[in-house]
Amino acid sequence: MTLLQGKNALITGGSRGIGEALVRSYAAQGANVVFTYRSSAESANKIVEDLSTGDQKIIAIQSDASSYAASEELMKEALESLGTIDVLINNAGITKDNLMLRMSEEQWDQVIEVNLKSVFNLTKQAMKPMLKNRSGSIINISSVVGVFGNAGQANYAASKAGIIGFSKSIAKEVGSRGIRCNVIAPGFIATDMTDALDDATKKSYTDAIPLKRFGEGTDVADACVFLGSDMSTYVTGQVLSVCGGMNV
Ligand code: NAP
């Protein structure tokens, strides 16, 4: 089944973790994909090599999602390669955890810029081609932490909650032009980001998840295939949690 045949997707942070699963799933469903990375060139090149087997275009571009100028340049390059953009997935994200008393201004600024400003940067760039097509799907990767909060992650939670307000506003602003904007809120997904947690913390989180496991990147990617495909043409402004049922 190829749910994304003929669609052109731009995915940020595709070199590892959830982003890598997104790129691989989108390619498997027939999409042409431009994806970005910040520093993992080797991993990005390996993904391109693995997926460049047929006629599909799979292209990796080094680009800092937090930079407005870099995002402008990225969209220019993506449009030169793909012609247009049907699906934008804002996935790039980082954590800089600390309790509020110890959190530095730099930790706050970095997380807001990479996680939230990046979503503004590329959504703005995607408007032109999507308005021209009167069609498009924007998928923003938030987190359950943006919905429920988490001690030690005030910067991260604020960035992820900001993504939700932003996305609901965009859905209202451009719905009449055929452009949809939705949010995925992953729970705990097994990637480098969560590998940093100690074993006791991982166990306490697993105990609190009704499905009793961390998710895989493919669990998030499957939901993003749905939202990027024509299976979801009447779905916009929604937050879909992919979290094994956890609600704390
Ligand atoms: P990850 O394994 O740490 O991978 C992060 C990806 O983002 C990498 O491809 C990285 O590129 C890229 N990236 C980081 N900063 C960037 C920047 N400034 N510009 C462009 N790309 C950048 O993280 P992950 O766990 O897959 O998380 C992906 C998204 O899901 C993030 O938004 C995260 O907040 C969200 N999320 C994750 C979880 C989870 O449990 N893992 C839960 C909820 C939400 P390099 O490889 O070059 O560094």
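A pocket is an open set of points on a 1 Å grid over the protein atoms alone, with protein on both sides within 12 Å along at least five of seven lines. A molecule sits in a pocket if more than half of its atoms lie within 2 Å of its grid points. In this predicted model, local features need pLDDT of at least 70 and side-chain atom pairs count only at pLDDT 80 or more, whereas totals for chains, interfaces and linings use all residues. Residues are numbered from 1 along each chain as its sequence is written, and side-chain values use heavy atoms, with hydrogens and water left out.

**Ligand site**
- The largest pocket holds the ligand.
- Around the ligand are 31 residues (a heavy atom within 4 Å), the closest being Ser 15, Ser 39, Ser 40, Tyr 156 and Thr 191.
- By class, this shell comprises 12 nonpolar, 14 polar and 5 charged residues, with Gly counted as polar.
- Helices H1 (17-28), H6 (154-174) and H7 (192-195), taken from DSSP runs of at least four residues, each supply at least two shell residues.
- H7 gives the largest share, 3 residues.

**Polar contacts (N or O pairs within 3.5 Å)**
- An oxygen atom of the ligand lies 2.5 Å from a polar backbone atom of Ser 39, and one lies 2.8 Å from a polar backbone atom of Arg 38.
- A ligand oxygen atom is 2.9 Å from an N or O atom in the side chain of Lys 160.
- The ligand alone exposes 900 Å², of which the protein buries 97% (Shrake-Rupley method, 1.4 Å probe).

**Aromatic pairs**
- The structure contains 3 aromatic pairs (ring centres within 6.5 Å).
- Phe 188 and Tyr 205 are stacked (planes under 30 degrees apart), at 4.0 Å centre to centre and 15 degrees between the planes.
- This pair links distant parts of the chain, 17 residues apart: Phe 188 is in the loop between strand E6 (179-186) and H7, and Tyr 205 is in helix H8 (residues 199-208).

Technical notes
Polar contact = N/O pair within 3.5 Å; in protein donor to acceptor, adjacent residues only side chain to side chain. 1 Å grid on protein atoms, 1.4 Å probe; cavity = no way out; pocket = protein on both sides within 12 Å on 5 of 7 lines; lining within 4 Å. Phe/Tyr/Trp six-rings, centres within 6.5 Å; stacked < 30°, edge-to-face > 60°.
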